[in-house]
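Subject: Structure handover

Hello,

Here is the structure for you to look through. My notes follow below it.

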Amino acid sequence: MKTLVIGIDALDGRLVDRWRLAYLRLQERGPVTVPINKERKEPLSPEVWATFLAGKHVALEFMFQSDIPFATHLHRLGHAVGKVIRPRTGLFLAAGRAAGIRMRFPLLKERTFLDDCSSAWVNNPFRDFTQRHPHHFSRVQKCVEGHIPYPVFLSSLQEDFSKDRRDILAAVRSTDADLLFCYLPYLDHLQHVFFKDEQLLRQGYGEMDQFVRDCMAAADARLILVIADHGMQDGHHTSTGYYASSRALDIAKPGIQVDIRDFYDVILASLDLPTRVENKTIAERLSALGYFT
Ligand SMILES: [Zn+2]
């Protein structure tokens, strides 16, 4: 393996710095500009991860799925009506649960850097995540609505985190692919639900730091990239992502924040593949500079 990309949902760079987590800081690190969803006014994980993988803005939201015909249509209609008639959330969530509606990452139709190289993945939000974690989103809903006690929710979340770490480390050790992409949702739900419990968050961040250390020990990679879609403050997404890399990247320039779309070319270059910038014709390069508009 030449390159290892570790996507960590909601990893907040300020907490990484506050707790001096060396492996989550690696050699170079910094904030990342991410797309802010127009309607919700905050970064949404499907949109940010799709944009990262495709190297261009892809507007995607979570998908709702049910085994019952038309249930998702009614659910969507309910949400639309609910915007006018309040209170809505509890009612429609309950109705949705009764109709067996499950939230999941949507399908991603865009070409991604995983298509441009020899790649493997564990927990790719748009490939194997839903299959590996079918109850990831419904579980948090049940918890906050009081149907699962908080300690039960926490231990189930931690079990999934252990399984992910185990499977990712196994893939790091055994893959024949040049690129391995993995994704960890643990810190997102941990911080949404337990944001007041600093000790628990610190423990979670510490475990994530140790996990990156274990990956470094297991992988003889040229580049290890840690990337986050947003941070978290008091249980809400912040508007900035985060990256850390095991070597200096030429995208970081003083005073200019790295954009999440920039990593597409960084990843291709780390695999000795032509980047999209190199592939551009002279006309495309000039047009990108605004010559032909
Ligand atoms: Zn979240």
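First, a term for later: a crossing is left-handed if the near helix is turned anticlockwise from the far one by less than a right angle, and right-handed if clockwise. This is a predicted model, so local features need pLDDT of at least 70, side-chain atom pairs count only at pLDDT 80 or more, and totals for chains, interfaces and linings use all residues. Residues are numbered from 1 along each chain as its sequence is written.

Overall picture. Of its 293 residues, 35% are buried (20 or more other C-beta atoms, placed from the backbone, within 10 Å of the residue's own).

The sheet. Seven strands form an open sheet with mixed pairing, in the order β5-β6-β1-β7-β10-β2-β11. Strands count as paired if DSSP finds at least two bridges between them. β5 (119-122) and β11 (258-259) stand at the edges with a single partner strand each, so one side of each has no neighbour in the sheet. Strands β7 (residues 223-228) and β10 (residues 240-245) run antiparallel and are joined by four bridges. Valine 226 has alanine 244 in β10 as its bridge partner. Helix α10 (residues 198-218) packs on the sheet and touches β1 (3-8) and β7. The directions of α10 and β1 make about 170 degrees (angles run from 0 to 180 degrees between N-to-C directions, with axes fitted to C-alpha atoms, for helices over the stretch in contact).

The core. The largest nonpolar core holds 63 residues. Such a core is a set of buried Ala, Val, Leu, Ile, Met, Phe, Trp, Tyr and Cys residues joined through C-beta atoms within 7 Å. Leu4, Leu180, Cys182 and Val226 touch the most other members. Leaving out residues up to four places away in sequence, valine 226 touches Ile6, Ile8, Leu24, Leu26, Val212, Tyr243 and Ala244 (contact: C-beta atoms, placed from the backbone, within 7 Å).

Two helices. α8 and α10 pack at about 20 degrees, with axes 9 Å apart. They are therefore roughly parallel (under 35 degrees). The crossing of α8 past α10 is right-handed. Arg165, Leu169, Val172 and Arg173 of α8 meet Phe211, Asp214, Cys215 and Ala218 of α10.

Best wishes

Methods. Buried ≥ 20, exposed ≤ 12 C-beta atoms within 10 Å, placed from the backbone. Contact = placed C-beta atoms within 7 Å. Parallel < 35°, antiparallel > 145°, perpendicular 65-115°, else oblique.
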